[in-house]
Amino acid sequence: MNYWPLLGVAVIVIGFALRFNAVPVVVTAALVSGLLAGLSVPDLLALLGNSFVSARMLLLFVLTLPAIGLLEHAGLREHAQRWMARMQSLTLARLLIGYLLLRQLLATVGLTGVAGPAQTVRPLLAPMGEAAAEKILPGFDEADREELRAVAAATDNIGRFFGEDVFIALGAVLLIQGFYSQHGIELSPLAIALWALPTAIAAFAIQSVRIWLYQRRLQRRAAAPRHRQDA
Amino acid sequence: MLRIEHAYWLIAAFLLYSGWRNLRDGHGWHAAFWTVLGLLFGAGDFILAQSAAGHALPAQVAGAGVIALALLAPRLKRMAHPESSSAEQRLQSAIRLGHKLLVPALLIPLVTLLVALFGAHVVIGGQALFAAPQMTLTGLALACVVALFAASVIARTPMHEGAAEGRRLLDAIGWAALLPLLLAALGQVFTRSGVGAAIAAIATDFLPTGNATAALLTFALGMVLFTVIMGNAFAAFPVMMAGIGLPLLIHQHGAHPAILGSMGMLCGYCGTLLTPMAADFNLVPAALLELRNPYGVIKAQAWSALWIFISTFVLMWLLVFR
């Protein structure tokens with residue numbers, strides 16, 4: 001067993017820990033692992049080039065940028081905020097938990113590409129969330145805004161991850177089934193997917209509680225004596 | 001017929017446009033970065049076809065291109081271009097256009113959804129309009145074009161303004177956009193270099209084999225840790241299953257395969273929430289939402305990941321050895 005390629009993992013860990021620019025860190029790690037595994041330079045270059053262009057679908061989100069940019073230029077975020085401010089019954093927690101539920105249900109039926117950070121979080125969920133948070137805490141500052149956007153992105157991720165595993169015809173379930181079938185254990189995709197349901201429910205409950213606690217924290221800050229004059 | 005390759009060409013065109021605009025504005029490093037990336041996208045199909053035919057040279061040139069991107073990336077300073085319209089202008093426009101602004105934004109998920117659901121049945125002149133592989137993503141690309149068109153009609157702004165606004169956002173995201181692709185490539189190199197096998201070999205040497213609960217905990221934590229390192233639960237799964245899951249938990253301790261597989265994978269997903277290596281879920285959204293802390297999204301989901309992991313592990317422990 002050749003253990004030297006593990007140094008590539010070390011490059012990643014050290015590079016990320018020291019907060020170097022991630023792009024050269026990742027490429028260096030690939031070169032280190034590949035060379036220490038005894039790949040020749042031409043083979044390694046070809047492997048790198050082929051795997052990079054095979055992953056092009058991961059940049060598909062940039063196609064949303066022109067439309068989103070144009071709409072933001074025309075006031076989309078401002079409109080989402082104004083609209084949210086008018087809807088009294090739609091609180092921050094209801095907005096985020098509703099989005100979580102929708103995202104998870106869509107992922108459950110295999111529709112993971114329908115929503116996402118570029119498609120829905122930046123143009124809609126984040127500005128609506130900001131407006132809802134402002135209704136609770138009028139002195140919402142820039143650091144609060146960043147935290148809220150991070151919570152919105154986290155909600156999007158959690159909804160997607162713990163929904164997609166329930167879908168029978170998608171990556172995870174087929175990978176599990178394929179692995180077992182290679183090793184002589186035959187399972188139906190449905191039998192695997194069903195066991196993702198308990199975690200899907202737990203994930204929904206946990207993230208919902210955390211969203212609710214986040215809202216309560218904002219409410220408490222609003223109720224507490226003001227430290228800032230601008231509020 | 002619309003194929004996913006058309007979407008790649010569209011991305012290539014957008015990247016080359018961004019490179020050209022940056023060159024015109026005197027941002028040489030940005031121009032070079034987006035141009036190299038645009039060329040890689042445009043030539044991608046040719047590179048893969050040549051490799052399949054046994055000609056390695058185009059892929060080698062692409063590999064050199066990837067290294068060039070790595071050398072250029074540290075020179076890109078995060079530059080937030082000033083907003084192209086003032087807050088006051090945007091508010092006026094928002095009041096004037098109202099809910100109409102939501103239409104193009106909602107068209108992106110809607111058109112994607114329609115193509116995903118019904119795309120297979122759309123036939124024009126005896127030919128299917130959408131190619132079967134990656135139909136949802138092809139639908140997403142089409143949805144972006146439709147939304148851009150709708151946005152330019154509603155906002156009465158020419159479409160090329162959209163490209164300019166898109167380029168502004170692309171520059172704000174910067175090199176973070178590239179990380180998901182690079183990490184996918186790294187995963188391939190790791191696999192070919194035997195990194196997974198080496199980690200599994202080390203793990204099996206230090207394993208508590210006798211106690212079923214200890215072995216299960218090692219398996220679950222191994223899924224998390226390995227996912228954090230590789231950035232992807234799919235890469236961790238075969239390694240941990242071959243190392244611990246199959247020989248110890250299933251064959252020795254009689255664990256239920258479906259439960260072990262499904263919940264083990266979900267333990268890995270908790271790791272995905274924690275790692276910068278899963279750049280497309282954690283770092284790209286942080287850049288897209290213009291957070292100053294690149295790890296802001298990870299910070300926001302860390303506690304959720306921990307609690308989801310704990311509940312999944314407890315459920316698995318209760319159910320898997322029945």
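The model is a predicted one, in which local features need pLDDT of at least 70 and side-chain atom pairs count only at pLDDT 80 or more, while totals for chains, interfaces and linings use all residues. Residues are numbered from 1 along each chain as its sequence is written, and chains are lettered from A and ligands numbered from 1 in the order in which they are written.

Chain A holds eleven helices and zero strands (DSSP runs numbered from the N terminus: H or I of at least four residues for helices, E of at least two for strands). The radius of gyration of chain A, taken over C-alpha atoms, is 23 Å, well over the 17 Å that the globule rule (2.2 Å times the number of residues to the power 0.38) gives for 231 residues, so chain A is more spread out than a compact globule.

Helix 3 of chain A has ten of its 14 residues buried, so this helix is largely enclosed by the rest of the structure; a residue is buried if 20 or more other C-beta atoms, placed from the backbone, lie within 10 Å of its own. Among the buried residues are A:Leu44, A:Phe52 and A:Val53. Their cover includes helix 2 of chain A, along with helix 2, helix 3 and helix 8 of chain B.

Where the chains meet, the contact takes 98 residues from chain A and 121 from chain B; two residues are in contact if their C-beta atoms, placed from the backbone, lie within 7 Å. On the chain B side, helix 8 (residues 179-193) gives the most, with 13 residues.

Technical notes
A residue is buried if 20 or more other C-beta atoms lie within 10 Å of its own, exposed if 12 or fewer, and partly exposed in between; C-beta atoms are placed from the backbone.
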